[in-house]
Amino acid sequence: MPLVPAVTDLDKLKGHPAVARLLASNSVTVEGAKFDRDEMTVYVHRSSIREACALLREDPGCPFNYLSDVTCVDWYPQEPRFEVVYHLLSIPNKERVRLKVRLPGDSPALESITPLWPAANYFEREVFDLFGIRFNGHPYLRRLLMPENWEGHPLRKDYPVEGYR
Amino acid sequence: MGHLNPIASLEVGQDRTMILNMGPQHPSTHGVLRVILEIDGENVVRIMPDIGYLHTGIEKTCEAKFYQQVVPLTDRIDYLCPLTNNLCYVLAVEKLLGLEIPPKAQWMRVLMNELTRINSHLVWLGTHALDIGAMSVFLYCFREREDILRLFEMVSGQRMMTSYFRIGGLALEPPLGFFDRVRDFIARFPSKVDEYENLLTGNPIWMMRTKGVARITAEDAIALGASGPTLRGSGVDIDLRRDMPYSGYENFKFKVPVSQDGDVFARYLCRVQELRESNAIVQQALDGMPEGPIKADAPKVVLPDREKMKTQMEALIYHFKIITEGFAVPEGEVYQAVESPRGEMGYYVVSDGTAKPYRVHMRSACLANLQLLPAMCEGRLIADVVAAIGSIDIVLGEIDR
């Protein structure tokens, strides 16, 4: 399977159920999309992540009813610094889609999707713990893996691999 | 979503209730899981898992290693199914590279993976039965597990931390006599499964401890992110091996056991049936094992044969370059999920075009499955908590990473 260049033209990607559904809605701001290595990525504005997830979950044609994963990538020193990454799976249609939200490095925060999927509870706590991203509306946003009194967020790129000594 | 309720004031219980700490050194918590229970007599009012005792920062370590150096780290995440983690990682990197893997390597990967599944399920069955009080099953299960570990040792030199898969294929050609030993094992294994089932499936004590215990509906299981046998035990028919095949699984015929009840017994039945199905897949892999190379034809990625390295200048140069400066992976990102014995194991690998991964994230099936614990246990007895923890089959190394 030789590599083919990624498709980033929104018009060409309209055929994908998730992209079509998100573009048709007025409440969700789609910032872009990318089809690369058989995987679909949709960039969503930070204010509309919860609506985007709710829309995809309730899609009658292809319901993305399962939240696989929530994680984050730190692009320090670039701005916008953080990318929060959501992986959704449609159990009936066996289809995956990746949602991405770009966040600035300065006090990054976005809406929690735990009210939609309780599965996001631990995932978002982990991202909060290791990247320091706040999820507004999360019922219990505390450190998950690191000790409560830990300083800093270890998976940020400006945090040394061997820790602070 | 009552079970989502945060336990912020656990230090002070309500009237009538007390706080009980279970773990992190409790034998039935399968590692270092700490569970904080608020109990009213024998009844569990609230339950909160507390994790992080085994956090080693593997994801951070990966960012400082070359792509090929990450493979041994993936063993250490889930020490009961190292090969599944190896496979998931190498598949993700191969997808980033656009590498084609020769059929023999793919079939060997499937074979080793199903042996790993049997191995992992045997440890689960033994310890789960031990928790509930069925002592002897443990000894039976570990007898067969020992055989599998010997097979792993034969093929990779290691019993547990195998690191047998490489980006682009396998580490070594399987040794002479390996397939005969596997054939020998799978010929007698179904009768061993009968033995376990004789001890447990119809056993009235086992049924009393597991039937109707820690029940969870399909809707709750999906909403809470359950996967694998934990999800199939609630009647959701999904198996990534069949539905989104990888590594040549589309060539194999097998049934996906699903049970409708959603209780501990249903999850037990699913896993025991999976033992038989995995055995059948190993049989198919043996029968149809193709001939050919075990490594992809990609000299810049795959290490050359030892013999070539010592006799050919070019192979020596490639070897030196791969070891000292790694190989660059084209920019991009990939999410590769495989069906691990515990559920959906996913690797999200981001490349920035250099020889070291920019970000490696492991989607842990256990972490998501652990979130089911409050929904399963609240309102039930303490003894059922032990049964419930056993039935979701957690490995703390994978949860904490």
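The legends below describe close-up views of a predicted model.

**View 1. A loop of chain B holds a residue with positive phi.** Ser163(B) belongs to the loop that runs between helix α5 (135-156) and strand β4 (165-166) of chain B. The phi angle of Ser163(B) is near 45°, which is a positive value in a residue other than glycine.

View 2. Pro77(A) is found in the loop between strands β3 (66-74) and β4 (82-90) of chain A, and the peptide bond that joins Tyr76(A) to Pro77(A) is cis, with an omega near 0°. Pro80(A) also lies in the loop between β3 and β4 of chain A, where the peptide bond from Glu79(A) to Pro80(A) is likewise cis, with its omega near -5°.

**View 3. Chain A and chain B share an interface.** On the side of chain B, 56 residues are in contact with 51 residues of chain A. The size of an interface is often given as the accessible area lost when the parts come together. For chain B and chain A, the buried area is about 4,400 Å², with 59% of it on carbon and sulfur atoms. Within chain B, the residues that lose the most area to chain A are Lys60(B), Glu333(B) and Tyr358(B), which together account for 16% of what that side buries.

**View 4. Salt bridges and polar contacts join the two chains.** Between chain B and chain A there are 8 salt bridges, and in one salt bridge the side chains of Lys95(B) and Glu39(A) meet at 2.9 Å, N to O. The two chains also have 28 residue pairs in polar contact, counted where both residues have a pLDDT of 80 or more. Strand β6 (residues 332-340) of chain B gives the largest share of the side that touches chain A, namely 5 residues. Sorted by class, that side of chain B comprises 32 nonpolar, 8 polar and 16 charged residues.

**View 5. The second largest cavity is lined by residues of both chains.** Chain A is represented in its lining by Tyr66(A) and Leu89(A), while the lining residues from chain B include Ser227(B), Arg232(B), Ile238(B) and Glu339(B). Helix α9 (229-232) and strand β7 (343-351) of chain B each supply at least two residues of this lining. By class, the lining of the second largest cavity is made up of 5 nonpolar, 3 polar and 3 charged residues.

Notes: Residues numbered from 1 in each chain as written. Chains lettered and ligands numbered in written order. Predicted model: local features only at pLDDT ≥ 70, side-chain atom pairs only at ≥ 80, totals over all residues. Heavy atoms only, no water. 1 Å grid on protein atoms, 1.4 Å probe; cavity = no way out; pocket = protein on both sides within 12 Å on 5 of 7 lines; lining within 4 Å. Helix = DSSP H or I, 4+ residues; strand = E, 2+ residues; numbered from the N terminus. Nonpolar A, V, L, I, M, F, W, Y, C, P; charged D, E, K, R; others polar. Contact = heavy atoms within 4.5 Å. Buried area = accessible area lost by both parts, 1.4 Å probe. Salt bridge = Lys/Arg side-chain N within 4 Å of Asp/Glu carboxyl O. Polar contact = N/O pair within 3.5 Å; in protein donor to acceptor, adjacent residues only side chain to side chain.
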